[in-house]
Amino acid sequence: MTEKATPLWEVFIRPRNGLAHRHVGSLHAVDAEMALQNARDVYTRRGETFSIWVVPSAAIIASDPGEKDVMFEPTASKIYRHPTFYEVPEEVGHM
Amino acid sequence: MTQTSTDPRAAWLIRLGDSALILGHRLSEWSSRAPTIEEDIALSNLALDLIGQTRALYSHACALEGQGRNEDVLAYRRAEPEFRNLLLVEQPNGNFADTMARHLIFAAYALPLYEALAGSNDAEVAGIATRSAREMTYHLRHAGEWMIRLGDGTAESRDKAQEAFEDLWAYVPELFEADDLDRKVAATGFGVDPSTLRPAFDAAIDAVLARATLKRPVERHGISGGRKGVHSEHLGHMLATMQYLQRAYPDAVW
């Protein structure tokens, strides 16, 4: 089996106590069904999982790391976007 | 010392445990040698499921017989003739298709076995069987999906898959042979008569063969002897490796 014949898949797992699926890693598998089985075997060995998603890595549209200045730099100077300027009243307690 | 159990219930559970242990050890031989890292982990998981089943079966058998034996004595201090595993499970791993075909055949037999055993009148046995059935459902799926992809894959993978079934089919009739012990434990509601499992096995295998576009091998007179302790040459070699540490350093612990 060559690398070419076994596509890459990204694995997302929703933990028992979690609300959202989180990316946990990737693996190779011949098709979706095998990817799901492999994900079960590779990433859920300690009984922590409630649900698995597998997505072909090729289906993920990623931002270009070379463009990170254009994409993300402008947000760095806008500290007022962080909700850190509010006084939280004592009575509210932990947020 | 390590004689055959005098309690029929224990003797019967030890048979099941022996098959699970030997197949579990066989699968563990793939560690670091599987075609991909994903499959390497998968095979180790399957091996650990089987060894976990073995421990539960052996422990309960030892409790039933009350002869002071424990699971380690059963696994590491018995010689080939005392093992009562099916001949199928001691066959060497061969290539990946051989291993998957062997596993499919075993899982298609073990799943209905444990499903039926979940109705045992022994609550502990019923519990072990329920858990094991769940595990074997996954084993059947994993091995089945692989055989489908190998059979319906390239010309080479198809040849190897078909050849694997042809080679291993001689060990199929033994799975469903019942002897006096099987009938005795089945009659009391403790165990299961393996001859009743054939229809479920055939249905599971046929479903995979159809999707894999593979031919069902012609069933000739099978090879048997595992239930009597008469084994193929392969078991002794395997035990030599598996039991080495406890034989060389008896009672060694971590």
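Mentor: Two strands pair if DSSP finds at least two bridges between them; helices (H or I, at least four residues) and strands (E, at least two) are DSSP runs numbered from the N terminus. The model is predicted: local features need pLDDT of at least 70, side-chain atom pairs count only at pLDDT 80 or more, and totals for chains, interfaces and linings use all residues. Residues are numbered from 1 along each chain as its sequence is written, with chains lettered from A and ligands numbered from 1 in the order in which they are written.

Trainee: Over how many bridges do β1 and β3 of chain A pair?
Mentor: Strand β1(A) covers residues 8-15, and F12(A) stands opposite W53(A) in β3(A). The two strands pair in the antiparallel sense, and the count of bridges is seven.

Trainee: Which strands of chain A stand at the edges of the sheet?
Mentor: The open, antiparallel sheet has the order β2-β1-β3. Each edge strand has a single partner, so one side of it is left without a neighbour in the sheet; these are β2 and β3 (49-56) of chain A.

Trainee: What angle does the direction of α1(A) make with that of β3(A)?
Mentor: Axes are lines fitted to C-alpha atoms, for helices over the stretch in contact, and angles run from 0 to 180 degrees between N-to-C directions. Packed on the sheet, α1(A) touches β1, β2 and β3 of chain A, and the angle with β3(A) is about 135°.

Trainee: Which element gives the largest share of the side of chain A that touches chain B?
Mentor: Contact means C-beta atoms, placed from the backbone, within 7 Å; 12 residues of chain A contact nine of chain B. Elements giving two or more residues to chain A's side are β2 (22-28) and α1 (32-43). The largest share, six residues, comes from α1(A).

Key:
Contact = placed C-beta atoms within 7 Å.
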